[in-house]
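Welcome, and please have your viewer ready. We will walk through a few selections together, one stop at a time.

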Amino acid sequence: MAQNSGIQPIRGTQSFLGEEADRFHAVIGAFDRVRRLFGFRRVEVPVLEQTAVFARTMGETTDVVSKEMYSFEDKGGESVTLRPEFTAGIARAYLSEGWQQFAPLKVATHGPAFRYERPQKGRFREFHQLDAEILGAGEPQADVELLAFADQLLKELGIGEGVILNLNTLGDPATRAAWRDALHEHFASHRNVLSDDSRDRLDRNPLRILDSKAHQDWPVVDSAPVIDDFLTGEAADFFAAVTSGLDAAGVAWERAPRLVRGIDYYRHTAFEFITDRLGSQGTVLAGGRYDGLVETLGGPRTPAVGWAAGIERLAMMIDAPAPEAPIVVIVPLGERAEAEAMRILTGLRREGIAADMAYRGNMKKRMSKASASGAAYALIIGDDELDRGEAQLKTMATGAQEPVSLDLLSEAITA
């Protein structure tokens, strides 16, 4: 029986074993396979960054920066933060590590991120993300490439049929400025009926009102000006190139004219892959074009586009993978056989054969462990077998058993 030591995990964190861990790593495995197909280079960035990296790129007034980041002073008095997402750290590395020389740069990574928010279905305070970015490419083909990557990943995981790509354009800076002014005028004329949060956003960022969760705001949002009325010719052409590219790639999409990104450095394409299988929190992968982000860190104007997806949320949606199992379990009987079994075990593993050993209990218990492991074979060794230089190889599915030479074990097991 498990004993409770009184030490509990921190709220919003989790530990995995068995099927949960297998699902988690099945997502990562699929991501890595598709990453290679699309030519995205593996990259690693620190979990810990200067707080300014996120404050400057995500905006000091955003909920993430003002309420959700795990920030603290280190022993040198510097304010540092556990990353709440990957993009800012990758952009910082793009500048500080000299990665501009590789532009256009296609990179992908995965790992933990941290936000102090209310844990809910598929969301945690320590969570894990997949992340893909293309830096230094301003062409709409980069957006198509990134979206095709995401679409193929979801299909590889077996959940493509249940997910819808919602797509919108935020236009170029001229488009966004004109639309922002029109939205401010519209929402200001309905100030008295807006929720408190939306009234607070009105002067700071009226675009954020479009994704308000307050029911009282929805009639005002529904009558708000749409971005299509303000698109410049260049912005309209860019979005048309993205949608035609998606059609050519066979990526299904739906227009979502209210889909926005509140921070000013987002331009052109914004997107979310949505499902109804996770309740009201239905976004499984999201991203967009952020042509102005690198400039916020002091770098040159650098077009870029990227997406992130929660590993835990994807893992909840996939079928459980087949559990890992050894090919053979060695069942030694007696001290002499146990010593020989270790030598055999080492040799099999070095030849690429997954092997384990049942070393506890009587013969019945050891064979029970071999059966429970899911192994294809049990290799039984006793004193008599050692004297003859052989072992008994039992096929677990049929119960058939035959002697095999100790010198030909790997051949017999892989035959």
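Start by selecting glutamate 85 and everything it touches: beyond residues up to four places away in sequence, its contacts are Phe54, Met58, Ala113, Arg115 and Gln129. Keep in mind that this is a predicted model.

Now show the backbone around that residue. Glutamate 85 belongs to the loop between strand S4 (79–82) and helix H4 (87–96). Which backbone nitrogen does its side chain reach at 3.0 Å? That is the one of alanine 88.

Next, look at charge. Glutamate 85 is buried and has no salt bridge. Its nearest side chain of opposite charge is that of arginine 115, 5.8 Å away, while the cut-off for a salt bridge is 4 Å.

Move on to strand S7, residues 164–169. Why is this strand largely enclosed by the rest of the structure? Because 5 of its 6 residues are buried.

- Strand S9 (residues 267–274) pairs with S7 in the antiparallel sense, over 6 bridges. Pick threonine 169 and you will find threonine 269 as its bridge partner in S9.
- Strand S8 (residues 254–255) pairs with S7 in the parallel sense, over 2 bridges. Here asparagine 166 stands opposite glutamate 254.

Finally, zoom out and colour by domain. The assignment gives domain 1 as 19–172 + 232–316 and domain 2 as 328–414. Taken over C-alpha atoms, the centres of domain 1 and domain 2 are 49 Å apart.

Technical notes: Residues numbered from 1 in each chain as written. Predicted model: local features only at pLDDT ≥ 70, side-chain atom pairs only at ≥ 80, totals over all residues. Heavy atoms only, no water. Helix = DSSP H or I, 4+ residues; strand = E, 2+ residues; numbered from the N terminus. Buried < 20%, exposed > 50% of the residue type's maximum accessible area, 1.4 Å probe, protein only. Lys, Arg positive; Asp, Glu negative; His and termini not counted. Polar contact = N/O pair within 3.5 Å; in protein donor to acceptor, adjacent residues only side chain to side chain. Contact = heavy atoms within 4.5 Å. Domains from an automatic or database assignment. Pairing = 2+ DSSP bridges.
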